[in-house]
Every structure is written in C-alpha cells, then in structure tokens.
Amino acid sequence: MVILTTMLAGCAQQSHHRSGDTPACMNYRSMMTAPMPPEAMQRLQKQCEVSMQATTATPRRN
C-alpha cells in the first residue's frame, strides 16, 4: 500500500513540460490538438523552431 501511494504521488508531481522548452514551443504543443487552420498551426510550429534556435545558438568567437 505504501509503495502504491508513493508511486502515485511521484507521478502526480511530474511536470508536463520539457526542460528547455520555450514559451512558443509550449504554446505550440498545447495547441496541437486544437481545431485550427493548417496555416495557423504551421505558424506556431515555425515560432517554436525559431525560438529553439535562438536559445541554442552560441556566439561566434573570432
């Protein structure tokens, strides 16, 4: 019984967003199942991709 309770408590506390997700990507993932025009979905996907590139880009050294 204690093991079951511990497992359930651990599952309930897990976060549903991935570490390093940008707000644009979280918005895109939350809207993936929403009924919306394909163009709007592609726009959200592009915003996510651009935001991820901006966070992973490293400055160049000369």
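**Exercise 1.** How many salt bridges does the count come to? Identify the partners and describe their surroundings.

*Solution.* The model is a predicted one.

Step 1. The count comes to 1 salt bridge.

Step 2. The partners are Asp21 and Arg29, whose closest N and O atoms are 2.9 Å apart. In general, side chains of opposite charge can pair when their charged atoms come close.

Step 3. The side chains of Asp21 and Arg29 are also joined by a polar contact of 2.9 Å.

Step 4. Asp21 has a relative accessible area of 15%. The cut-off for a buried residue is under 20%, so Asp21 counts as buried. Arg29, at 32% relative accessibility, is partly exposed.

**Exercise 2.** Where is the place of Asp21 in the chain, and with which residues is Asp21 in contact once its neighbours within four places in sequence are left aside?

*Solution.* Step 1. Asp21 is placed in the loop between helix H1 (2-12) and helix H2 (23-31).

Step 1. With the neighbours within four places in sequence left aside, Asp21 is in contact with Met26 and Arg29.

**Exercise 3.** At what angle do H2 and helix H3 pack, and which residues make the contact?

*Solution.* Step 1. H2 and helix H3, which spans residues 38-56, pack at an angle of about 150°. Their axes are 8 Å apart.

Step 1. Angles over 145 degrees count as roughly antiparallel, and H2 is therefore roughly antiparallel to H3.

Step 2. The crossing of H2 past H3 is left-handed.

Step 3. On the H2 side, the contact is made by Ala24, Cys25, Asn27, Tyr28 and Met31. On the H3 side, the residues are Met41, Leu44, Gln45, Gln47, Cys48, Ser51 and Met52.

**Exercise 4.** Is Ser51 buried or exposed, and which residues does Ser51 touch, not counting those up to four places away in sequence?

*Solution.* Step 1. Ser51 is located in helix H3.

Step 1. The relative accessibility of Ser51 is 16%, so this residue counts as buried.

Step 2. Not counting residues up to four places away in sequence, Ser51 touches Thr22, Ala24 and Cys25. Ala24 and Cys25 are among the H2 residues that make the contact with H3.

**Exercise 5.** Examine Glu49 and Ser30. What separation lies between the C-alpha atoms of Glu49 and Tyr28, and which backbone oxygen does the side chain of Ser30 reach?

*Solution.* Step 1. Glu49 belongs to helix H3 and is partly exposed, with a relative accessible area of 37%.

Step 1. Glu49 and Tyr28 are 21 residues apart along the chain, and their C-alpha atoms are separated by 10.0 Å.

Step 2. Ser30 lies in helix H2 and counts as partly exposed at 46% relative accessibility.

Step 3. The side chain of Ser30 reaches the backbone oxygen of Asn27 at 2.8 Å.

Key: Residues are numbered from 1 along each chain as its sequence is written. This is a predicted model: local features need pLDDT of at least 70, side-chain atom pairs count only at pLDDT 80 or more; totals for chains, interfaces and linings use all residues. Side-chain values use heavy atoms; hydrogens and water are left out. A salt bridge is a side-chain nitrogen of Lys or Arg within 4 Å of a carboxyl oxygen of Asp or Glu. Buried means under 20% relative accessible area, exposed over 50%, partly exposed in between (1.4 Å probe, protein chains only). Helices (H or I, at least four residues) and strands (E, at least two) are DSSP runs, numbered from the N terminus. A polar contact is a pair of N or O atoms within 3.5 Å; within protein, one must be able to donate a hydrogen and the other to accept it, and residues adjacent in sequence count only if both atoms are side-chain atoms. Contact means heavy atoms within 4.5 Å. Axes are lines fitted to C-alpha atoms, for helices over the stretch in contact, and angles run from 0 to 180 degrees between N-to-C directions. Angles under 35 degrees count as roughly parallel, over 145 as roughly antiparallel, 65 to 115 as roughly perpendicular and the rest as oblique. A crossing is left-handed if the near helix is turned anticlockwise from the far one by less than a right angle, and right-handed if clockwise.
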